[in-house]
Amino acid sequence: MFYRETGQYKTSYEADSSIFPILQDRIGIALMLIVAFVVIPLAGNDFFLSSIMIPFLIFALAAIGLNILTGYTGQISLGTGAFMGVGAYACYKLTTYFPDVNIVLLILCSGFFSAFIGMLFGLPSLRIKGFYLIVTTLAAQFFLEWAFIRVGWLYNYNDSGAIEVPERTGFGLVLTGPSATPTTRYMVVLCLVVAMTWVASNLIRGRIGRSWMMIRDMDIAAELMGVRPLYAKLSAFAVSSFYTGVAGAMMVFFWLGAAEVESFDVNESFSILFMVILGGLGSLMGSFMGAAFIWILPVLLRLIPESFGIDISVATLEHINFMIVGALIIFFLIVEPHGLARLWKIAKEKLRTWPFPYA
Amino acid sequence: MSQEIKPGEVLLELEDVSLSFGGVRAIKNVGFNIKRGEIRAIIGPNGAGKTSMLNVINGFYHPQEGTITYKGVHRKNMRPYVAATQGIARTFQNVALFKGMSTLDNIMSGRTLKMHRNFLWQMLYYGPARREEMQHRERVEHVIDFLEIAHIRRTPVGRLPYGLQKRVELARALAMEPELLLLDEPMAGMNLEEKEDMSRYILEVNDEFGMTIALIEHDISVVMDLSDRIVVLDHGEKIADGTPAEVSADQDVIDAYLGVAH
Ligand SMILES: Nc1ncnc2c1ncn2[C@@H]1O[C@H](COP(=O)(O)OP(=O)(O)OP(=O)(O)O)[C@@H](O)[C@H]1O
Ligand SMILES: [Mg+2]
């Protein structure tokens, strides 16, 4: 009833090509931003901020990174975990050498390292596709994991083999380390994720995003329209790895506080890939939905039986989680490759025409 | 440097071109030219080598022998990307649209080479990148109006019926504002009405914008109506070349092509 575009005439191409052409969508986004920036920091407790919102946002960013590569450019990667690792280790080394530089700046810089490594491992995509590319990215994953263990320099030769986040400041606040408050960390993560999502949406709706999608949909025709596959693919690998790298650095610095190679293993790659598939290939909104689903489902599975006083072992919960996620992945791959984002869109289309579906 | 070609002068010259795939000789010593401003049809039975010919022209296939001169410049093994930068656009026999994108985005993709705002501006979008986007959007809207596809602007092209997909593909090629437009069976699988529309568009593009067109088409009556000159291929060889009247009177053509039912 209220979700209508009736009476909202576009008088310019600008208005017509804005991200959310329908007013109600714009209101919806504004509301979400208000909730994220005002309500949650005021109302959320430390557990909610630290264990739900912060990781959710970080995973959403990683999912956006992978979605740029897989959903928008059609290149599948199983190296996401390792590229997150590159960001994290790069940030760790940067802050070791430049302890006084604002950590947010260093986190963004570390994205350039993962972008470079991502581009390097993206080079084979110019010659190979599909299954063989997956294998190549998997090789990148294992090679980088090996480097994270073997190259002691990366973790400053700590005995633990882990990178431990030191206390770092920025904007006059303590942003990382044990004395950084969850609210501060949440706000920094939120700002970065919102800004980077906005940038991603800008890239996607312009020439560069179109050239990615052209390569994805029909690479031969793309070249005949003047897209150079080399540029399109490598820029997708670079941007994608930049995003995953920044997400990896944020994961360690704003959430985990310490990490070793296990945080960046192939399971991590898979779980980000599942977020992208569940949320929707080629949808930024879907990346958030997928991340919310994959991250929050296990928390709910743990909390709901607990609140009823039912005691289920952790192992059982994990199995249930795997089964639900697995079944949904299969469902979405077969029935709706565009994921939750598409279901949401269909729901909105129904709402738009309700109660006269054929009008 | 390529030179300015006036209407009626030779835009593209193919001499003695031969192309083979392993043992299959798809094109055998074929030569013909295309003059600026004309509609040049390439006809012939199935497997005659027509599509291969277009692929040679826009750099997708590289012939083993022969020379190609485009705008007075002799060219060797160019990439399709380079052909696009030189103003050669095409449509495909089997529609090659970007299936996941809307009609509008498909046509906007034709503007790729004409858009120059760099990565940083694109990241910001607002400002120069958006201005550029809007300028090109305006050009694209003209093409959309011209081809009467405004109503499907937002539809993902994968969901469109075949006839409309062909039209969107033409729109995408026109958005490139090419100097030479290659059309590979633009009317295949269309009903009579759709064919008439398509013929009208092709004629108008040629008349009003003076666009040079190379057209592959099986429907002989369409070809006779539209084209200025026709080259006939059969089994990779050129068997005739001339005006519609000359070609339809040619005994070789009658034997090899017109006699064969399609
Ligand atoms: N990529 C390729 N690899 C191997 N053989 C090819 C290839 N492309 C074309 N051929 C062969 O070249 C010959 C000419 O094919 P082409 O597609 O150019 O014919 P056509 O005139 O366009 O036919 P149609 O009317 O069926 O479209 C055929 O024998 C075909 O099998
Ligand atoms: Mg053909």
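Okay, hi everyone. Before anything else, keep in mind that this is a predicted model.

Let's start with chain B by itself. Its secondary structure comes to 10 helices and 10 strands. The radius of gyration is 19 Å, close to the 18 Å that the globule rule gives for 262 residues, so chain B is as compact as a globular protein of that length. Of the 262 residues, 54% count as buried. And if you take the contacts in chain B with a separation of 6 or more, 67% of them come from residues 24 or more positions apart.

Now, how does chain B meet chain A? On the chain B side, 41 residues are in contact with 29 residues of chain A. The area buried between the two is about 3300 Å², and carbon and sulfur atoms give 63% of that. Which residues of chain B lose the most area to chain A? Those are B:Tyr81, B:Phe98 and B:Gln122, together 18% of what that side buries. There are also two salt bridges across this interface. You can look up the one between A:Glu223 and B:Arg79, at 2.7 Å, N to O.

Staying with salt bridges: over all chains, the structure holds 21. Let me show you some inside chain B. B:Glu38 pairs with B:Arg229 at 2.8 Å. B:Glu38 lies in the loop between strand 2 and strand 3, while B:Arg229 lies in strand 9, so the pair ties together parts that are 191 residues apart in sequence. Buried or exposed, these two? Both are buried.

Next up, B:Lys71 and B:Glu179 meet at 2.6 Å. They also link distant parts of the chain, 108 residues apart. Here B:Lys71 counts as buried because its relative accessibility is 12%, which is under 20%. B:Glu179, at 26%, is partly exposed.

Then there's B:Glu141 with B:Arg153, at 2.8 Å. B:Glu141 sits in helix 5 and B:Arg153 in the loop between helix 5 and helix 6, so this pair ties together parts 12 residues apart. B:Glu141 is buried, at 3% relative accessibility, whereas B:Arg153 is partly exposed at 23%.

One last thing to find on screen: salt bridges that share partners join B:Glu38, B:Arg40, B:Arg229, B:Lys238 and B:Asp241 into one network. Thanks, that's my bit!

How values were computed:
Residues are numbered from 1 along each chain as its sequence is written. Chains are lettered from A and ligands numbered from 1 in the order in which they are written. This is a predicted model: local features need pLDDT of at least 70, side-chain atom pairs count only at pLDDT 80 or more; totals for chains, interfaces and linings use all residues. Side-chain values use heavy atoms; hydrogens and water are left out. Helices (H or I, at least four residues) and strands (E, at least two) are DSSP runs, numbered from the N terminus. The radius of gyration is taken over C-alpha atoms; the globule rule is 2.2 Å times the number of residues to the power 0.38. Buried means under 20% relative accessible area, exposed over 50%, partly exposed in between (1.4 Å probe, protein chains only). Contact means heavy atoms within 4.5 Å. Buried area is the accessible area (1.4 Å probe) that two parts lose on being put together, summed over both. A salt bridge is a side-chain nitrogen of Lys or Arg within 4 Å of a carboxyl oxygen of Asp or Glu.
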